[in-house]
Amino acid sequence: ENVVKFAHAKLGIADGFATFTDLVVEPLAKGIPMKMRVDVAGSSFTTLMRDLGVSDHAHVSWDLRELHAPSIAGTILPLHLDGDFVADTGNFLVFDRAADDPAHQRLFGIKETGIRAHVAIRPLALEFVGIHLTLPNSTLDGGFCSIGFHNDIRVDVPQAKVDLVDFTPLAAIPLAGQMDFTAHMQGVFNAPVLEADSTIQNFVFGDMPFGNVTAAHASLTGLVLTLRDVKAAKGRSNYEMPSARLDFGGRAAMVMDAKVASQNLGVRDFFGVFKLDDDPRFAEIDGTL
């Protein structure tokens, strides 16, 4: 009756396997409708980006351990497939250069990530809508990601609360703190531009505790992170960082150039940043700068 059915089919894809169950295709019907159940195991995101023609040298590596989509359905011409899925992934890593470059260095990563989302496959992009991420210490809801077939990418995070320990280290620098943020990223896959606004409670950068960041805007272009309008408080001190530039592609893990100002910087709070507040040699020193 002009319908092709596969009870079970297995396809090698991106270093792993995709299993299609109850695959139904109507090759002579308008649009070539199809529907199926999809289960993926042991695939590599880096290889998938190459196989889909998105990027031959992606800056991201990611283990797609398991993915389960009970139903994906739509048409092939035009390409319009939709479905919901859950996935278990690990070792999401972003590098300063292509993942297949032996000289690449880690910028940041997430060890374990559970994903629940809607997938939309369109002629120009692979899109993930309503993304829910479960990290070891954090969750993220309502995210959107579009991976274009012409090396373009777009990511929107409308509102998220994460524990920075899930992303540490940044390059070689440990991080800690609870961050609320919104973010938008777009551009080409190997050089996207990221814009974000955030607050951070109990922020620790390296081994230096900086207190609570009450406002900050960040822009990431290539390997340079630009900060502006940063406002923070530590103990009885308030301080601002009107501008800062953090370069992760230079002569060190990070090179930082910043301007900081305060109208009431407590000496004890200043000592606390450098872990000198418990040093008996400074115990009798106090004041306000």
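Which residue forms a salt bridge with aspartate 82? In this predicted model, the partner is arginine 122, and the closest N and O atoms of the two are 3.1 Å apart. The pair ties together distant parts of the chain: aspartate 82 belongs to strand 5 (residues 80-95), while arginine 122 sits in the loop between strand 6 (106-121) and strand 7, 40 residues apart.

A search of the whole structure turns up 10 salt bridges. Here are three of them, including the one above.

| Pair | N to O distance |
|---|---|
| arginine 50 and aspartate 51 | 3.4 Å |
| arginine 122 and aspartate 82 | 3.1 Å |
| arginine 281 and aspartate 279 | 2.7 Å |

How exposed are these side chains? Arginine 50 is partly exposed at 45% relative accessible area, and aspartate 51 is partly exposed too, at 43%.

Isoleucine 131 counts as buried, with 11% relative accessibility. Beyond its neighbours within four places in sequence, isoleucine 131 touches Ile115, Arg116 and Ala117, plus Leu140, Asp141, Gly142, Gly143, Phe144 and Cys145. Proline 102 is another matter: 29 residues along the chain from isoleucine 131, with 32 Å between the C-alpha atoms.

Finally, the second largest pocket has a volume of about 160 Å³. Of its 13 lining residues, Asp96, Gln105, Phe248, Ala252 and Ala253 come closest to the centre. The lining splits into seven nonpolar, three polar and three charged residues.

Definitions and conventions. Residues numbered from 1 in each chain as written. Predicted model: local features only at pLDDT ≥ 70, side-chain atom pairs only at ≥ 80, totals over all residues. Heavy atoms only, no water. Buried < 20%, exposed > 50% of the residue type's maximum accessible area, 1.4 Å probe, protein only. Contact = heavy atoms within 4.5 Å. 1 Å grid on protein atoms, 1.4 Å probe; cavity = no way out; pocket = protein on both sides within 12 Å on 5 of 7 lines; lining within 4 Å. Points joined across faces, edges and corners; volume = space filled by probe spheres on them. Nonpolar A, V, L, I, M, F, W, Y, C, P; charged D, E, K, R; others polar. Salt bridge = Lys/Arg side-chain N within 4 Å of Asp/Glu carboxyl O. Helix = DSSP H or I, 4+ residues; strand = E, 2+ residues; numbered from the N terminus.
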